[in-house]
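Biologist: I have a structure to go through with you. Please put it up, and I will ask as we go.

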Amino acid sequence: MAKNTKKDKKPSRFGLLNSISIVILVLFLLTSIFSYVAEQNSASSTIALSELVHDIGMGKVATITVKGDDLVAEYADKTVKMSKKEMDSSITETFTRYGLTPEKLNAVKMNVEGPSGVLFWIVQFAPFIILIIFLGLLIWFFTRQVRGAGMQAFSFGQSKARIILPDDKKQKVTFKDVAGAKEAKQELSEIVDFLKNPKKFLEIGAVIPKGILLMGAPGTGKTLLARAVAGEAGVAFFAISGSEFVEMFVGVGASRVRDLFGMAKQAAPAIIFVDEIDAVGRVRGAGVGGGNDEREQTLNQILVEMDGFEPNEKVIVMAATNRPDVLDPALLRPGRFDRRVTIDLPDRNDREDILKIHSAKKPFGEDVVLRVIAERTPGFSGADLYSLMNEGAILAARENRTKISQYDLIRAIEKVMLGPERKSHLLSKKEKEITAYHEAGHALVASVLPYADPVHKISIISRGRAAGYTLHLPLEDRKMQSKKEFLDDIAVSLGGYVVEKMMFQDVTTGPSNDLQVSTALARDMVTKYGMSEKIGVLALESNGGRAMFGKGIEEKEYSEKISADVDSEVARIMDEGYKKAEHIVTTHKAALDAIAKRLIEVENIEREEYETIIMAHGIQPKKKLDIEHQA
Ligand code: ADP
Ligand code: MG
Ligand code: ZN
């Protein structure tokens, strides 16, 4: 899901545009001054040399001034004309060659001026001067604007760390800005305590952890928490991302690490935050293909620096990753990142709190109940909730309302979850019918099967890549899923496919994603979760999956025979799901038709209306109590 852009970046981008336009303006002014001066200089008309010779012959010319190759002729009638003599020959030579007699020449007063005169030099060098001024201005504006954004840019080889100093009120983040994540905050408050009051710990002989690894899905607030620790403790915060070490110049990663640690030690007490440490901290010596030296050196340097900490050095390294499984074990050794803090996706209460934090300064209508939004967003990360709030505000603003309504937020959920509606993507009549039946199939199977999630909404307006969608959300957040739930989920996924086949005696490319998802789920049941009787309790694959970069290309851990058994088990599970779905849609054909018809009419069916339709056909909608026993 798209990550929200940081709010504090906007003004600086604006500033950049601003300074570029100033530079362009100055350049424009200089060029016009230059061309004005140049024009002044050549205001008089220019004539051919032969014409000048002719005029001298006629005795019309009073004086001639020679500047380099330029000739300025002043006529008896006071007009001034310019010409050029031949290069590398003297003026008398030139005129004589053109056939002027010495008497005629003597009648003209000759001034020879060296190529001097302030104007001359200005005109000669103006382009260079303008260029230099332009470059100077450009550099000046860039450095100024980079500093303005509270960052410090260092050149080649030096650390590119962003630094937040403790007295920077604008960028200060505290634990109050982080909702939920209670355990993580508790763990980290110990670190805050140490940074605030190191003496207390050191006197009693306690060794403070050097490294803390924050682990959690993208957008769960790892970066935010790290900043909050620095903010709470009031210490300097040096942040760099793992990919920045490697990004530009080979051989520089290690020296960046050195610079970064050097700076942090000077500023101690301080926190060094290495975001996305998996970019440098993957298992060494096993990547696919070349180009790993850089990463290895960078990682080694990090380890060396951490080992080199004096026990009373008040610098703590925090790192974040969403792939702890691929990290090099050397990073996790005692004395390095031996403290590990896991940040989970927020549960319902946490989601409500996060929504509250991000609703500050947003005007809400009376109908807004954040609790309902929190209920409808299982699986959303903090970052998703942040963008949900933002999308809601955008929807309200686009429709020229001054307050955000509940409906805006509900639409924003779908937008964040599935991407924007593609209203322009019009379905033909036939496509619309197929899509409606397809989605009705998913919904109906979900409503009949006891362990499937209840249906919240059905739509045949395409979003992202999907032609239509059925939104079914769990009633509760869940950490575990059971075999029965998986089996029902597979049947629900196949519902669309089954209906297409039944109604149209044909299948479209529409359900291909459904098939992929359900097949993958069936395979995981067999190989990861021990949910197949035939294979038994073997976990054939670990959670990291095979052939991740971590371990290179791994051998299959099991025999051909088992491999064939796995395939047949997956096929059996899929087949059972198919039969289950087929049975449901044939027995409840009337309900299926009713849902599909209504969908073709209105394109969106919300939960209440949907439940009325199925109840009219004798299907009881799910209530919370129905599935309480699963937990
Ligand atoms: P991560 O580093 O884990 O990918 P971030 O810390 O960058 O996630 O979070 C992105 C944004 O999401 C934050 O800037 C914040 O606005 C929002 N966010 C995430 N988690 C929380 C939370 N627990 N409380 C409040 N806001 C959060
Ligand atoms: Mg982050
Ligand atoms: Zn489908």
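Biologist: Which backbone nitrogen does the side chain of Asp408 reach?

Modeller: First, the ground rules. This is a predicted model, where local features need pLDDT of at least 70, side-chain atom pairs count only at pLDDT 80 or more, and totals for chains, interfaces and linings use all residues. Residues are numbered from 1 along each chain as its sequence is written, chains are lettered from A and ligands numbered from 1 in the order in which they are written, and side-chain values use heavy atoms, with hydrogens and water left out. At 3.0 Å, the side chain of Asp408 reaches the backbone nitrogen of Ser405.

Biologist: Which side chain does a polar contact join to that of Asp408?

Modeller: A polar contact is a pair of N or O atoms within 3.5 Å; within protein, one must be able to donate a hydrogen and the other to accept it, and residues adjacent in sequence count only if both atoms are side-chain atoms. Asp408 sits in helix 16 (residues 406-418); helices are DSSP runs of H or I, at least four residues, numbered from the N terminus. At 2.7 Å, the partner is Arg411.

Biologist: Is Asp408 buried or exposed?

Modeller: The scale is relative accessible area: buried is under 20%, exposed over 50%, partly exposed in between (1.4 Å probe, protein chains only). Asp408 has 0% relative accessibility, so Asp408 counts as buried.

Biologist: Which residues coordinate the zinc ion (ligand 3)?

Modeller: Donors are N, O and S atoms within 2.8 Å of the metal (3.2 Å for Na, K and Ca); water is not among the atoms, so sites may look incomplete. The donor spacing in sequence is H-x3-H-x71-D. At 2.1 Å, the zinc ion is coordinated by His438 (NE2), His442 (NE2) and Asp514 (OD).

Biologist: How many residues apart in sequence are the parts tied together by His442 and Asp514?

Modeller: Both residues are buried. His442 lies in helix 17 (residues 429-448) and Asp514 in helix 19 (residues 512-527), so the pair ties together parts whose separation in sequence is 72 residues.

Biologist: What is the phi of Asn400?

Modeller: Asn400 is in the loop between helix 15 and helix 16. At 70% relative accessibility, Asn400 counts as exposed. Asn400 is not a glycine, yet its phi is positive, at about 55°.

Biologist: How far apart in space are Leu105 and Val61, C-alpha to C-alpha?

Modeller: Leu105 is in helix 4 (residues 102-106). At 7% relative accessibility, Leu105 counts as buried. Val61 is 44 residues from Leu105 in sequence, and the C-alpha to C-alpha distance is 9.8 Å.

Key: Helix = DSSP H or I, 4+ residues; strand = E, 2+ residues; numbered from the N terminus.
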